[in-house]
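Welcome! Have a look at the sequence and the 3D view below, and then we can walk through a few features together.

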Amino acid sequence: MILRGKKVIALGDRDGVPGGAIEECVKSAGAEVIFSVSECFV
Amino acid sequence: MDSAVVRDTSYALVHAPSLLVHMGTTQTVEREANPDSEYLRNITSHLRSYESCVAYPPNQTYIGNMTPVELAAIERPWFERPVENARRYSAAGQIMPEDEFYAWMKIVDSFNLVLLEDSFTSDVAKRMAESSPIWQDGDAARLGAGVPAEEISKHLDGGKASAKAEPLYLGDRLVGCVKAAHERDRALTAHVMTENLAVKASGVVALRHLIARGSVSAADVDYIIECSEEACGDMNQRGGGNFAKAVGEMAGCVNATGSDVRGFCAAPAHSMVMAASLVQAGVYRNVVVLAGGATAKLGMNGRDHAKKGMPLLEDVLGAFAILVSANDGVSPVIRTDAVGRHKIGSGSSPQAVMTSIVLDPLERVGLRISDVQRYSAEMQNPEITESAGAGDVPKSNMKMIAALAVKKGEIERTAIDSFVGEHGLVGFAPTQGHIPSGVPSIGFLRDEIMAGRMERAQIIGKGSLFLGRMTNLFDGVSFLLEANPGKPTAPDGAEDRLRKIMADALREVAKSLTDDEGGASECQIRQGRS
């Protein structure tokens, strides 16, 4: 998937990949993060 | 400085299906937003009996009647495989029925906020006095005789909404209520008081079980650290505290003081590190780390469980108490030189998180990831979380630890699954936030280390700080539990120095005795003063 120029909503998980980490990854691939959050499911 | 040890543990659960219906936030929010929902209409058909709750394999594991290894050998779904001849009590604690728990809420109620119906009270009091191993002199008086049903109804009807009492049900039967502690203070509403009294009562149950085990007397407890997730206080200091001292008071810990530590689900791991540090520094000899359970989290994933036709498995409050003591030369030591922490600047990638919590502390003391026989990270029961789409939390954490071991060249990529199986533990704790956070395994791990079946374990707690909306950070803390080397350790050369001081002192005494008359007289005077 090419992320450059795409808008991204990042939904992260504390015990998986947190929102902040997803955000950094997709930004480095040229995407724009319009919303990022980490959730706790336990 | 000598190491602190984990001297003893206790674990308790409270079966609380009615509190689930009336106090769990999934249910209370649903009742506000969608009072006629199918979930609420059918919720009681998904509740388990007390007997089913006791026979549930993860619950038997939590109180120590089974080991996590034995649990892992049972095929899932566990709720369809009840343990035969399951016991309410274990050497470490119990699974308490809801009616007795209401009595405990009344026993620990210092402000006459809990009203229980008189016939209910007399039935429960009789049973508890006859059979409860943690029943003490004075409990009957604190429980009292109860009140007529009309008095309970009076507190539930009319009056200001903020001052309305919270009902206590057993199924459909109204058996009591908890009154608001203030007419206008939103930190002291009946709902908040019910939550806090449940934390206190379950914490007292765990502490009394710990003391009943005999490793420490109540009077010898010096300090208590309470690490649950609720806050007690009034509108001027909503989280002022102090659950710790309130719990200790109800267990006869007359020489203890204490404080509350908060850090979401990571609080127990933080508290263990603090307890070990206090003991190791010589400030206190016996510190108890304990927590009661969260009514808010009862039935948290209930909608998903009901949709899948499962029983509502989150129907228990969890509690534990862990005694951290000065080195007895036998119990497993807590290595404060190998504490892991997710720092503010650690970063949030899984690799950064696990490096800071798991790898950094091990490398600091010259250990490899595979030198730790067992990791206890977030011990949530996967049967509860997988059905709600949250996966197997302890397994996810273990996979990340195994991946780190691959990266360090300790194991092959193909060995990840076997590493997870050999070094991890299956989750068995209820999703009570702080309760699953690494510490439920300490009883089992202590037994294994004491029996010589393993040398060390790493306990890991993680906390979702972002839920408080003060930061986007989360948290993680770890510590090592290790076999006791056999005798209290002294810093290099300390023993020799001590011997020399003693020898010098004895020589001086001998000299004074054989010296001239003045010297002998001085010695006699000193002896006389002492």
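In which helix is the place of Asp139(B)? Asp139(B) sits in helix H9 of chain B, which covers residues 139-143. Please keep in mind that this is a predicted model.

**Asp139(B) and its surroundings**
- Asp139(B) has 20 C-beta neighbours inside 10 Å, so this residue counts as buried; the cut-off for buried is 20 or more.
- Along the sequence, Asp139(B) and Ala125(B) are 14 residues apart, and in space their C-alpha atoms are 9.2 Å apart.

**Two helices that cross in chain B**
- Two packed helices are described by the angle between their axes and the distance between the axes.
- Helix H7 (residues 98-107) and helix H8 (residues 118-131) of chain B have axes that come within 10 Å and cross at roughly 90°.
- H7(B) and H8(B) are therefore roughly perpendicular to each other, as angles of 65 to 115 degrees count as such.
- On the H7(B) side, Asp99(B), Glu100(B) and Ala103(B) take part, and they meet Val124(B), Ala125(B) and Met128(B) of H8(B).
- Sorted by class, the residues of this contact between H7(B) and H8(B) are four nonpolar and two charged, with no polar ones.

**Strands that pair in chain B**
- Strand E1 (residues 4-15) of chain B pairs with strand E10 (residues 333-341) of chain B in the antiparallel sense, over two bridges.
- In this part of the model, Val5(B) stands opposite Val333(B) of E10(B).
- E10(B) is also joined to strand E13 (residues 475-482) of chain B by five bridges, and these strands run antiparallel.
- Gly340(B) has Ser478(B) in E13(B) as its bridge partner.

**Chain A in brief**
- Chain A has one helix and two strands, and its elements follow the order β-α-β from the N terminus on.
- Taken along the principal axes, the C-alpha atoms of chain A fill a box of roughly 35 × 15 × 15 Å.
- Of the 42 residues in chain A, 31% are buried.
- Among the contacts in chain A between residues at least 6 apart in sequence, 51% join residues at least 24 apart.

**Where the chains touch**
- Chain B brings 18 residues to the contact, and chain A brings eleven residues.
- On the side of chain B that touches chain A, helix H17 (residues 393-407) of chain B gives the most, with three residues.
- That side of chain B has seven nonpolar, nine polar and two charged residues.

Terms used. Residues numbered from 1 in each chain as written. Chains lettered and ligands numbered in written order. Predicted model: local features only at pLDDT ≥ 70, side-chain atom pairs only at ≥ 80, totals over all residues. Contact = placed C-beta atoms within 7 Å. Helix = DSSP H or I, 4+ residues; strand = E, 2+ residues; numbered from the N terminus. Nonpolar A, V, L, I, M, F, W, Y, C, P; charged D, E, K, R; others polar. Pairing = 2+ DSSP bridges. Axes fitted to C-alpha atoms, helices over the stretch in contact; angles between N-to-C directions. Parallel < 35°, antiparallel > 145°, perpendicular 65-115°, else oblique. Buried ≥ 20, exposed ≤ 12 C-beta atoms within 10 Å, placed from the backbone.
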